[in-house]
Amino acid sequence: LEPDQIVQADVFLLTPDEPQLLAGESGLTLQRSAAASDLLLSDLRSDKGMEWVPSELWLSYLTVDSPAGALDFDLAISTHDGEEPSELAAGIDDAALLGSVAVVGGDDGADWPVAVGIVAVVAGLVVFSMTGRRSRPRGTAESA
């Protein structure tokens, strides 16, 4: 995207426990952080190939609303007790930026590989849905 184009996206993150999140200051907002509902988890498990979804997960819902040029960071996550998310993983290697990051949430220990896998699946779905939207010009109806 061009640096001045606005990025608006929803990010849904499912982890075994409440995560600590670290990201640059601009454009990323934590909207909800709570145990995922039984209805949501049941719905996810009902999809083909998703029987592996556990009966308990933590849902973090974030929104992105920022010019593309300001999004020069990633979202770093930690679900390990006493271990904060990595600035390096968030792409924050400039000491001047360290004062403008947000650490949100807590944790009580978890299995991080599951969290990383879920993040990868969710990120793939977000990219897939955004790609599908770009292929259809706005204001035109789909033909049957």
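The side chain of Thr15 reaches the backbone oxygen of Asp17 at 2.6 Å, a polar contact in the sense used here (a pair of N or O atoms within 3.5 Å; within protein, one must be able to donate a hydrogen and the other to accept it, and residues adjacent in sequence count only if both atoms are side-chain atoms). The structure is a predicted model, in which local features need pLDDT of at least 70 and side-chain atom pairs count only at pLDDT 80 or more, while totals for chains, interfaces and linings use all residues. Residues are numbered from 1 along each chain as its sequence is written, and side-chain values use heavy atoms, with hydrogens and water left out.

Thr15 belongs to strand 1. With a relative accessibility of 0%, Thr15 counts as buried; buried means under 20% relative accessible area, exposed over 50%, and partly exposed in between (1.4 Å probe, protein chains only).

The protein chain contains two helices and six strands. Helices (H or I, at least four residues) and strands (E, at least two) are DSSP runs, numbered from the N terminus. The order of the elements from the N terminus on is β-β-β-α-β-β-β-α. Of the 144 residues in the protein chain, 26% are buried. The chain exposes about 9300 Å², of which carbon and sulfur atoms supply 54%; accessible areas come from the Shrake-Rupley method with a 1.4 Å probe, and for residues only the protein chains shown count as cover. Among contacts between residues at least 6 apart in sequence, 80% join residues at least 24 apart, where contact means heavy atoms within 4.5 Å.

In soluble globular proteins, nonpolar side chains tend to be buried together. The largest nonpolar core of the model consists of six residues, namely Leu14, Ala36, Leu41, Val53, Leu57 and Leu59. Such a core is a set of buried Ala, Val, Leu, Ile, Met, Phe, Trp, Tyr and Cys residues joined through side-chain atoms within 4.5 Å. When neighbours within four places in sequence are left aside, Leu41 is in contact with Ala36, Val53, Pro54, Ser55, Glu56 and Leu57.

Strand 2 (residues 20-24) is largely enclosed by the rest of the structure, because five of its five residues are buried. Strand 2 pairs with strand 5 (residues 76-78) in the antiparallel sense over three bridges; strands pair if DSSP finds at least two bridges between them. Within this pairing, Leu21 stands opposite Ile77 in strand 5.

Strand 3 (residues 28-35) includes Leu28, which is partly exposed at a relative accessible area of 22%. Not counting residues up to four places away in sequence, Leu28 touches Ala23, Leu62, Thr63, Val64, Phe73 and Leu75. Leu28 and Leu75 are 47 residues apart in sequence, and the C-alpha to C-alpha distance between them is 9.1 Å.

One aromatic pair is present in the structure. The ring centres of Phe12 and Tyr61 are 4.8 Å apart and the planes lie at 15°, so the pair is stacked. The rings of Phe, Tyr and Trp (its six-membered ring) pair if their centres lie within 6.5 Å; planes under 30 degrees apart count as stacked, over 60 as edge-to-face and the rest as tilted. Because Phe12 lies in strand 1 (residues 6-15) and Tyr61 in strand 4, the pair ties together parts that are 49 residues apart in sequence. Phe12 is partly exposed, at 38% relative accessible area, and Tyr61 is also partly exposed, at 22%.

Gln8 is another residue of strand 1, and with 59% relative accessibility Gln8 counts as exposed. Apart from its neighbours within four places in sequence, Gln8 is in contact with Val64 and Asp65. The side chains of Gln8 and Asp65 are joined by a polar contact of 3.5 Å. Gln8 and Gly27 are separated by 19 residues in sequence and by 9.0 Å in space, C-alpha to C-alpha.

Pro67 is located in strand 4 (residues 58-67) and is partly exposed, with a relative accessible area of 34%. Leaving out residues up to four places away in sequence, Pro67 touches Pro3, Asp4, Gln5 and Ile6. Between Pro67 and Leu1, 66 residues apart in sequence, the C-alpha to C-alpha distance is 9.2 Å.
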